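The points are grouped by topic.

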Amino acid sequence: MKFGIGNVRLPNVKPPSMLRDRSMPKLLVMIGLGWLSLFFIIPVIVLLFESFNFGDGALLDNYRQALSGTYVRTLGRTLAYAFVTTVVCLILGYWISYYIAFKAEHKTLMLAFVLLPLWIAIIIRYFGVSLFFLPTGPVQQLFGTDFGILFSTTGTIIGLTSALLPFATLPIYNALQSIDEEYIHASQVLGATPLKTLRTVIFPLSLSGIIAGALFVYILAAGSFLAPAILGGPGDFMMANIIEQSFSYSIPLAAALSVVFTVALLILIGIFNHYANISEVLSDL
Amino acid sequence: MSRLSGRLAFFPAILLVYAILLIPIVIVIATSFTVQSAPTLPTDGVSLEWYAELFQNQRLLDAMVVSTIVASATAVVAGIIGTITAFGFVRSEFKMKETLATIMLLPLMISPVITGVAFLRFGGYLQIPRGYPQIILAHSILALPFVFLIVRSRLLTFDERLEDASMIMGANRLETTFNVTIPVIAPAMIAGMLIAFVISFGEFTATQFLVTPSTTTVPIIIFNQIQTGLSPEISALATTLVVIMVIVSILGDWIGS
């Protein structure tokens, strides 16, 4: 390599070997992907094989069962609960993020309290929600009723919202925070009402945060085992609970249910990806 | 719209968000100090009897030791692998880099129930010993995406030219590694390890398939106790867990900054 500035020749500096050696980082990437493949991707593929029936009967027997009445209803319920949780988390997350980003005086402190629960095991937070509504908890002590919330669909959704709200708030806040205030100012100077500024300037510019938040909350909510197990009733079981339950008596069925659930989620994510480029959103994290 | 009414519009959100996020944690901590035999709010006195009970329960103490061993080992394994991978991704350009980075996040997207079931079956085929080896390996997978994301975002701010500068100034490769590269990577890696510790320490869903009677972790005990009957002892145990996790997270913040 020769450097030249006008007619002044610089000495021919040979870069040290580490800088020339560009294969080392690729090797490191391969170690990570190798670990992930060996202990995650291959086990999942093994599970995929176990979902097929190689013995007597049809190859797809387990799928016939996994796609029958109760299980399909559970799948529908799972996707619906995740959807409701996502909508609630996005509304609350946007509301509070907007306040913290544009109005709050103690931004760091308010944000810290949104993120604090992420450090505390999810099972403890669900336990806290159940304590709140139990006969010994403040709601029943005060009102004499839990308003039918505990061990119900509402209880499950409240639990999921409590657990996943930080995952919606963080990306939305980051998106709002990175909006150039000049745009907002320009919109106001040109006479837009605060609501119009929100609708035509702020909201479109924060869309990437909303997409990332929605994706996180939806995936984590759909895969939840603990929320229905601790806060839901018998009719609130989601896919994770059904998979765990069926695993104890039929591993092939549990495997087929896992495959059906994952494929359903992947299809939904694929549709979502059609409208919003997910890996672009994820690479912004 | 006046400034005050503009703020009032946010009051319900502030109240609701912090209530839904923080009440569950506060109530677990509060009920651990009750004098009653049920997990009630300590309105008629405060006692530490449930903590005394906790520290006499050998099963719980054993679980605490198991959880600490598992989480520490997970922190080391996931911390090292995650840092190595993040470093590789930041430092190289190759085809399908974004896709492969998304693949690193797969354990986040697949329900931990499926991860647990798949790992139990796979571990059986490969004859990975039950107990610690299986739990730690599975936890290392669950923690890997978080370590990867955190370390990668920190390394992205590291100017590679610092190394070039060091070597042009005459330091050799080893000196550069020790004096420039490691001091930059180490805090990122430690932050990643602490995340891995916290995730492992609180993991229940995949772990429930992998535990054995002698390697039962604390979240498993908490879940079983919730199912079988409520005692303020669960609150005391959960509060102890909260304290450990908060200490670890503060430590992580402090080292990371």
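The model is predicted. For chain A the mean pLDDT is 87, and 64 of its residues are in contact with 77 residues of chain B.

**Chain A**
- In chain A, 89% of the residues reach a pLDDT of 70 or more.
- Residues 1-10 of chain A have a pLDDT below 50, and this stretch makes 3 contacts in the model beyond near neighbours in sequence.
- Where pLDDT is low, the predicted coordinates should not be read in detail.
- Chain A contains 15 helices and 2 strands.
- It has 285 residues, of which 44% count as buried.
- Taking the contacts in chain A between residues at least 6 apart in sequence, 73% join residues at least 24 apart.

**Contacts between chains A and B**
- The contacts involve 64 residues on chain A and 77 on chain B.
- On the side of chain A that touches chain B, H2(A) gives the most, with 17 residues.
- That side of chain A divides into 47 nonpolar, 11 polar and 6 charged residues.

**Annotated regions of chain B**
- An unreviewed UniProt entry places the feature "transmembrane region" at several stretches of chain B, including residues 102-123 and 205-223.
- Residues 102-123 of chain B are 86% helix and 0% strand, with the end C-alpha atoms 25 Å apart.
- Residues 205-223 of chain B are 32% helix and 0% strand, and here the end C-alpha atoms are 10 Å apart.
- The UniProt annotation "domain: ABC transmembrane type-1", also from an unreviewed entry, covers residues 64-252 of chain B.
- Over residues 64-252, chain B is 78% helix and 0% strand, and the end C-alpha atoms are 21 Å apart.

**Helix H7 of chain B**
- H7(B) spans residues 112-125, 14 residues in total, and reaches 20 Å from its first C-alpha to its last, close to the 20 Å expected at 1.5 Å a residue.
- Because 12 of its 14 residues are buried, H7(B) is largely enclosed by the rest of the structure.
- Among the buried residues of H7(B) are B:Pro112, B:Thr115, B:Phe119, B:Arg121 and B:Gly123.
- The buried residues of H7(B) pack against elements of both chains: helices H2 (23-50), H13 (239-247) and H14 (251-275) of chain A, and helices H6 (106-109) and H8 (132-155) of chain B.

Note on methods
Residues are numbered from 1 along each chain as its sequence is written. Chains are lettered from A and ligands numbered from 1 in the order in which they are written. This is a predicted model: local features need pLDDT of at least 70, side-chain atom pairs count only at pLDDT 80 or more; totals for chains, interfaces and linings use all residues. UniProt positions are given in the numbering used here, feature names are shortened, and annotations may be inferred rather than shown by experiment. Helices (H or I, at least four residues) and strands (E, at least two) are DSSP runs, numbered from the N terminus. The expected span of a helix is 1.5 Å times one less than its number of residues. A residue is buried if 20 or more other C-beta atoms lie within 10 Å of its own, exposed if 12 or fewer, and partly exposed in between; C-beta atoms are placed from the backbone. Two residues are in contact if their C-beta atoms, placed from the backbone, lie within 7 Å. Ala, Val, Leu, Ile, Met, Phe, Trp, Tyr, Cys and Pro count as nonpolar, Asp, Glu, Lys and Arg as charged, and the others, Gly among them, as polar. pLDDT is the predictor's confidence in each residue, from 0 to 100.
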